[in-house]
Amino acid sequence: MHHSIGTPHDYTMADLTVYDRDCIDISAEMTYDQYIGYIKDSVNKEFDGRKDQFAGATVTQIVAFLKRQGLEVQEQGRVNKVDWVYWHAFRFIVCMLEHLRTHRDYKKIGPKDRTYVNTFGAEAMELCESNVSNRLTTFFETRQAKALIAKEEADKAAAEEREKWAQHEAVLQERNRIRQLRQQELEQRKRDKAKARAEELQRKKEREAEIRKRQAMVAALRWEFHLVKPKSTRQQPRRGLVNLGNTCYMNSILQMLIPTRLPELLLTRPQINKANPLSSRGAVTRVAAQLFKELKRQDTGTALDPSFFKNVLGERYEPFAGTSQQCAYEFLNVLLDNLHEDLNGKRGEVLVAAPEVPTSGKPVEELAKLALESYETCNKSPVMDEFGFLESSALTCNCGNVSRKFSMETVLQLQLPKATCTTLTDCIAAYGGEEQLDAENPWRCDRCGQMSAAKKQLSMYTAPKVLTIMLKRFRNKDNFRDKIVSEVTFPQDLEMTDYITGSPYENKYELVSIVNHDGSLRGGHYTAHVKGEHDGRWFHFSDTSVNQAIGTPKFTQAYVLMYKLKPGKVARKRVVAAPQPVPSLPQVRQAEDGDGVVYAVGSDVEYMEGDKIVTAKVVFVDYEADPIAYVIRLPDESERCIEGTMLFLPGQAGRAAIPTPSPTPSAPIPTPAPAPTPAPAVAHPRFSKGEHVMYIPSTGRPEPAIVKSIDVSINPPSYVVELRGGERHTEETRLSKKVFE
């Protein structure tokens, strides 16, 4: 039975194309050799599957099939070039030719067909092999290129993805960093707030502790009138004063002056200067003497009508003529001023201005003496002797210059602090403190000529016999006046030694009277607490009402305080500064450089001032100066810088100036030769022109200077030095080679 070999369409190009696509898909995972083997095996398997179609065919049928198949494949090859289908078909033909050669009837093929078969088979084999090699090489190169491109694209995509993720990670990290910073900032704020709360709590505790401490200190200073031990048991009558219409300010001040020596002075009929145009020609003095005489009467306790006194003073000062409310402090000033001018023995009919007084360039003591002499050329009265004191006002420039002015005052005015309770001593200390002036109101220095915000310092220079203190309870605030009701505790015995700078004695005062103001500026009332002259009892005066004082003073209402200087003069104890950290020296030792002796701090020395021997005490030693320099304190408490070669041991100054040689008894006494004419002394200056030195003023701190010129015609020589504020003439003792620190 012969089987039909079929037509060429039994093995179509479409079938081969599908088969080839499957092969290409499979080849993506194969190497070149693996793929060649795979193709061959696939074709062989496919051909083996078709062998049954060729088993019953004759040789002639097979050859005819091959011719038809070859022509069709060649035709498709010309159309499709060399592709996988063309190659696959040729490969299939090669398999059929190999099968034909093994056919049993192969020998029966004619020579022409056999030649065709051999030639066609060789060509098909050659084409198949060459196309396989070229095509597969191209395929795999293309596949490698595509794979490389795909890899590059994949790498690029991966890089982009990594970059994207890196950016995302960076964003996340930045967000985390910002979140952490915010968290840290929040935590730091919490810590700062907690620290601030703790500090505020600590400050609050400290303030409360300070307030409690101050309250305890203030409470310890409080005292009571009825606990004051009386000097005698004899009761002294007290007379009140009739209120003539808001005249409590006058009544309280008049009662306040009773314990002072003013009534006694007026009752002794002092001499009245009627020629003084500023006086009342004795009118105020006479009515004041009459009023105090009536108040001091022992035979009555009836209230006194002071209208005769008020009328006279009202003629001199119009505000006191009516019945309006007035200030007790102002009344005190007007009264003392009128009494002073009535008793002022220095003024004549023609008013003469007091001579001007320098404000710098001299020691403080000399400036104060000149200021007092200038004041007393036009003013001298028992009133100022009793109530007056010199007040010093010092202005310190940035250049170091101190300008000091003195004025005569009768009342010490004290500012009250913001604290709800304070002491009188604190107010006095604040009065003497240094104050920085406002930069908008500069002061022109009289030495450097520059406008500067100087530092101002007030101080009491002399001690009055009666110290009158006014507490500034009334102030201007936002164009309105109000009253400060702070509690100010004041002692019965006041120690003022440390606050009166020019007094050589201790200054201890006794409280004798108090003027109080109860109420506000719109409506208030003045009262007085007065200590008895003889019995020492305290009494409360409220116009006509007079009662023995009980309880504590009105520390929140006290307005004017009056203290009397206790009798007895005790030299004040000056605080001696601790010795400076200098090398340990005996009181006197020989200097190693041959300059003479070295005097330790505290040594007593002498020096020659012309023909006069002056004693002094060493207060500072400058061991680095060449030669050694000293600061010595003179008997008048002034200080001076001097070279060590000009100092002598006590008792040696006169002998050191004129040495006396010891005579020899056996030697003949020579005839004295005529004394030669002494040559003029030649000054040998310590400093040279252009040298940098330190200028030491009488007051203030040393400052650097440059020597501009030297006058050696006098001994010791004088210098002209250049300071920051200009040139200054000075003596050699005011110069040093080193700052005294």
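Modeller: Start with handedness: the crossing of α6 and α10 is right-handed. A crossing counts as right-handed if the near helix is turned clockwise from the far one by less than a right angle, and as left-handed if anticlockwise. Helices (H or I, at least four residues) and strands (E, at least two) are DSSP runs, numbered from the N terminus. This is a predicted model, in which local features need pLDDT of at least 70 and side-chain atom pairs count only at pLDDT 80 or more, while totals for chains, interfaces and linings use all residues. Residues are numbered from 1 along each chain as its sequence is written, and side-chain values use heavy atoms, with hydrogens and water left out.

Colleague: At what angle do α6 and α10 pack?

Modeller: Axes are lines fitted to C-alpha atoms, for helices over the stretch in contact, and angles run from 0 to 180 degrees between N-to-C directions. Under 35 degrees counts as roughly parallel, over 145 as roughly antiparallel, 65 to 115 as roughly perpendicular and the rest as oblique. Helix α6 (residues 248-256) and helix α10 (residues 328-343) have axes 9 Å apart at an angle of about 60°, and are therefore oblique to each other. Their contact (heavy atoms within 4.5 Å) includes Tyr 249 and Ile 253 of α6 and Phe 331 and Leu 335 of α10.

Colleague: How many residues of each class are in the contact of α6 with α10?

Modeller: Ala, Val, Leu, Ile, Met, Phe, Trp, Tyr, Cys and Pro count as nonpolar, Asp, Glu, Lys and Arg as charged, and the others, Gly among them, as polar. Here there are eight nonpolar, one polar and no charged residues.

Colleague: How does α9 pack against α10?

Modeller: The angle between α9 and α10 is about 85°, with the axes 11 Å apart. The two are therefore roughly perpendicular to each other. Phe 309, Leu 313 and Arg 316 of α9 meet Phe 331, Val 334, Leu 335 and Asn 338 of α10.

Colleague: What is the volume of the second largest pocket?

Modeller: On a 1 Å grid over the protein atoms alone, a pocket is an open set of points where a 1.4 Å probe fits, with protein on both sides within 12 Å along at least five of seven lines; lining residues have an atom within 4 Å of a point. The second largest pocket has a volume of about 650 Å³, a volume being the space filled by probe spheres set on the points, which are joined across faces, edges and corners. Its lining has 29 residues, with Asp 385, Gly 388, Thr 462, Ala 463 and Pro 464 nearest the centre.

Colleague: Which element gives the most to that lining?

Modeller: α11 does, with five residues.
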